[in-house]
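Dear colleague,

Please find below the structure that I am handing over to you.

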Amino acid sequence: MKVGVVVFPGSNCDHDVYHVLGHEVGFQPIFLWHKDHDLQNVEAIVLPGGFSYGDYLRCGAIARFSPIMNEVIQFAKKGKPVLGICNGFQILTESGLLPGVLRANESNQFICETLPIRVESNQTPFTRKVALKSVLKIPIAHHDGNYYLADDELKSLEDSGQVIFRYVNENGEVSAESNPNGSSRNIAGICNQQRNVVGLMPHPERLSEKLLGSAEGKIIFESLL
Amino acid sequence: MKAKVSVQLKNGVLDPQAKAVLQASHSLGFEEIQEIRMGKFFEIESHGNDAAQFEKSLDDLGKKLLSNPVIENFKVEILES
């Protein structure tokens, strides 16, 4: 499967994603430079983590206007799979492909931790192979992962099953203590109404090979096939 | 022509940064300060001379780039035309 990894100026998780897609999962990854307009017939797209445009103005606020985003948006509108990881999630919300916004962590601190994340739905191209409600321990590394959406829209989001990942404790329960950044309803990741665009703050690509401790994150990418 | 665009969080949206600044102000002894709200401002210069068009453009820019309409409001002020 040919998968495109978009590279913006300041993206820094593109190589990890490329490596996991190619070496661990056996897909055919290619890099897509943000200024290009040719998606080169990829079947899925990943917007990787990092600090596109230095997080200037707001995280992802400038990257959303990168030339290739025209094609990414069209690709998403056609119902094809798009995954945004961390800064990628921020870019997806800024571009309107996903609702809401990622704000500064409540603690105003950059948080770097491996945390239990519960998978709330397997009805997306990236969670299809995950058992419902399973808990994966995935690293987070962000300063602006505090998901916010107005109350009425949040209710709609929940009701339509668009919450895909939630921060939980070791027992798989949602709690205030298990929420690292103040995200509404402990939301760690969501999908759009069409269910083809998924964004999450945690980095599954950082825990996708046993050599680095665990391959728990790999299933997010394997689900594509 | 010169203009100023101010961006601020909508009322009711929690601002952890402003809260931290308020707490620091209190630690410094400014106990009487009740509330602090933080925002951004952009000073924008244009070499055009149509003030009405300028204001319209800035309104557009404000919506598209300078603010995130999910949580922010913005205001355009023409300073010099």
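R58(A) and E72(B) form a salt bridge, with their closest N and O atoms 4.0 Å apart; the term stands for a side-chain nitrogen of Lys or Arg within 4 Å of a carboxyl oxygen of Asp or Glu. The rule finds one salt bridge across the interface of chain A and chain B. This is a predicted model, in which local features need pLDDT of at least 70 and side-chain atom pairs count only at pLDDT 80 or more, while totals for chains, interfaces and linings use all residues. Residues are numbered from 1 along each chain as its sequence is written, chains are lettered from A and ligands numbered from 1 in the order in which they are written, and side-chain values use heavy atoms, with hydrogens and water left out.

The interface

On the side of chain A that touches chain B there are six nonpolar, three polar and five charged residues. In this classification Ala, Val, Leu, Ile, Met, Phe, Trp, Tyr, Cys and Pro are nonpolar, Asp, Glu, Lys and Arg are charged, and the others, Gly among them, are polar. In total, 14 residues of chain A are in contact (heavy atoms within 4.5 Å) with 17 residues of chain B.

The two chains bury about 1200 Å² between them, and 58% of it is on carbon and sulfur atoms. Buried area is the accessible area, for a 1.4 Å probe, that two parts lose on being put together, summed over both. Within chain A, the residues that lose the most area to chain B are L57(A), R58(A) and R103(A), which together account for 45% of what that side buries. Eight residue pairs, both members at pLDDT 80 or more, are in polar contact between chain A and chain B. A polar contact is a pair of N or O atoms within 3.5 Å; within protein, one must be able to donate a hydrogen and the other to accept it, and residues adjacent in sequence count only if both atoms are side-chain atoms.

Over all chains, the whole structure holds twelve salt bridges. One of them joins the side chains of R58(A) and E94(A), at 2.9 Å from N to O. R58(A) lies in the loop between β3 (44–47) and α2 (68–77) of chain A, and E94(A) in helix α3 (residues 87–94) of chain A, so the pair ties together parts that are 36 residues apart in sequence. Helices (H or I, at least four residues) and strands (E, at least two) are DSSP runs, numbered from the N terminus.

The sheet of chain A

Chain A has an open sheet of nine strands in the order β2-β1-β3-β4-β11-β10-β9-β6-β7, with mixed pairing; two strands pair if DSSP finds at least two bridges between them. Its edge strands, each pairing on one side only, are β2 (28–33) and β7 (135–142) of chain A. Strands β4 (residues 82–85) and β11 (residues 197–200) of chain A pair in the parallel sense over four bridges, and I85(A) has L200(A) as its bridge partner in β11(A). Helix α3(A) packs on this sheet, touching β3, β4, β10 (187–191) and β11 of chain A, and its direction makes about 115° with that of β4(A). Such angles run from 0 to 180 degrees between N-to-C directions, the axes being lines fitted to C-alpha atoms, for helices over the stretch in contact.

Strand β6 (residues 111–119) of chain A runs antiparallel to β7(A), and eight bridges join them. C112(A) has A141(A) as its bridge partner in β7(A).

The sheet of chain B

Chain B has an open sheet of three strands in the order β2-β1-β3, with antiparallel pairing. The edge strands here are β2 (39–45) and β3 (72–80) of chain B. Seven bridges join strand β1 (residues 2–9) of chain B to β2(B), and V5(B) has F42(B) as its bridge partner in β2(B). Helix α2 (residues 51–66) of chain B packs on the sheet and touches β1, β2 and β3 of chain B, its direction making about 155° with that of β3(B).

Yours sincerely
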